[in-house]
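Dear colleague,

Please find below the sequence and structure that I am handing over to you. My notes on the findings follow directly after them.

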Amino acid sequence: MPQLETMNALAPLPLLVLAALAASLICAGLIILLRPLLQRYALARPNARSSHVVPTPQGAGIAVIAATILVACIYQFMTGEPVPLALLGATILIAGVGFVDDVRTIAVLPRLLLQAAAVAAVVFSAPAELRIAAIVPLWLERALLLVSGLWFVNLVNFMDGLDLMTAAEVVPTTAAIVLIGWLGDVPLAPTVIAAALCGAMLGFAPFNRPVARVFLGDVGSLPIGLLLGWCLLALAWHHHFAAALLLPLYYLADATLTLLRRIARREPFWAAHRTHFYQRATDNGFTVTAVVTEVFALNVLLAALALASVWLNSAAADVVLLAAGAAAVALLLSRFSRRKIGPTSRRV
């Protein structure tokens, strides 16, 4: 993977906005074209673990990823700014794995091995000078990043269980990364990827609002996790670790705590389930719209805290901001865990 460029001139905001708008229009157009095929060949039928009760086509993530990659490549052609080939190749690989799994199930082990290969291609092709903790041996840091990246890819997939949930996570996160890049605190390549992904998710959102007409599918959620994880890693590599942790903090907390709880109960944690906090919220009486709205609001707050961390550039401030973010996440998780007065409401 070509070296991420060091801090340079501010990224041109009009061009980033244009990239997001183009990705949004391309994604929406592709979904309209693909939906009849998805309806025929990639229908997600409800089961006991689903949050939907009406058969719904999945696989619209093809449009999201295609729009993101296309716009990023066009941007590279127009400006000469390199988009890492290893990242693009890994994204296509992991999207392919997701597509096959959407159509016919892949066993857990080969699926994880293929995902690990995609993450490893991104992590181990990075220049040796890109470090998060120089005190740690390079091989150990990269191994930890591989494990973390594999978990992040899967947790984005795990959290894609309600209408608009992934959009509520990705849009504020990528918008914050674009702003940070525009201010010159992260290289242009991840800034462009974030802008294109943000736009593509905005183009997808109208089709996925309750009640959803299409789902992302694994073909979308897995590569979205890879692209988003790489953008966050770029933040960490360029000395904004607190911001990189704050932006996905709700997803990290919900997915990780749920995993640990299932392991403690000796449940088959690799199997599909309905025990994430956001899923329990719908069982506890929250509407899908209410859950997604509250998650979106929390992510906007986390994005503001991340931007403050970059602006203040202080270790002491980072500790305070991380504590504030953790408290906000804990408050929402606790709220989702309590039964709400009134009848329950799930996706229809």
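Helix 5, which covers residues 138-158, packs with helix 10, residues 249-264, at an angle of about 95°, and their axes are 10 Å apart. Helix 5 is therefore roughly perpendicular to helix 10, since angles of 65 to 115 degrees are counted in that class. Please bear in mind throughout that this is a predicted model.

On the side of helix 5, the contact is made by W151, F152, L155 and V156; helix 10 contributes Y251, L252, A255, T256 and L259. Sorted by class, the contact between these two helices has eight nonpolar residues, one polar residue and no charged residues.

L13, V17, L179, W182 and L183 make a nonpolar surface patch of about 410 Å². Two elements, helix 1 (13-41) and helix 6 (165-182), each give two or more residues to the nonpolar patch.

Turning to charged pairs, the structure holds three salt bridges. One of them is formed by D101 with R111, and the closest N and O atoms of this pair are 3.7 Å apart. The pair links distant parts of the chain, 10 residues apart: D101 belongs to helix 3 (residues 85-103), whereas R111 belongs to helix 4 (residues 108-124).

Some details of backbone geometry in the loops may also interest you. P210 and V211 are joined by a cis peptide bond, with omega at about -5°. V211 is placed in the loop between helix 7 (188-208) and helix 8 (218-237).

Positive phi values are found at L164 and at H239, neither of which is a glycine. For L164, phi is about 70°, and this residue is placed in the loop between helix 5 and helix 6. For H239, phi is near 70°; H239 lies in the loop between helix 8 and helix 9 (241-246).

To return to the opening point, the contact of helix 5 with helix 10 includes W151 and F152 from the former and Y251 and L252 from the latter.

With kind regards

Conventions: Residues are numbered from 1 along each chain as its sequence is written. This is a predicted model: local features need pLDDT of at least 70, side-chain atom pairs count only at pLDDT 80 or more; totals for chains, interfaces and linings use all residues. Side-chain values use heavy atoms; hydrogens and water are left out. Axes are lines fitted to C-alpha atoms, for helices over the stretch in contact, and angles run from 0 to 180 degrees between N-to-C directions. Helices (H or I, at least four residues) and strands (E, at least two) are DSSP runs, numbered from the N terminus. Angles under 35 degrees count as roughly parallel, over 145 as roughly antiparallel, 65 to 115 as roughly perpendicular and the rest as oblique. Contact means heavy atoms within 4.5 Å. Ala, Val, Leu, Ile, Met, Phe, Trp, Tyr, Cys and Pro count as nonpolar, Asp, Glu, Lys and Arg as charged, and the others, Gly among them, as polar. Patches are made of residues with over 30% relative accessible area and no salt bridge: like charges are joined within 9 Å, nonpolar side chains (Val, Leu, Ile, Met, Phe, Trp, Tyr) within 5 Å. Accessible areas come from the Shrake-Rupley method with a 1.4 Å probe; for residues, only the protein chains shown count as cover. A salt bridge is a side-chain nitrogen of Lys or Arg within 4 Å of a carboxyl oxygen of Asp or Glu.
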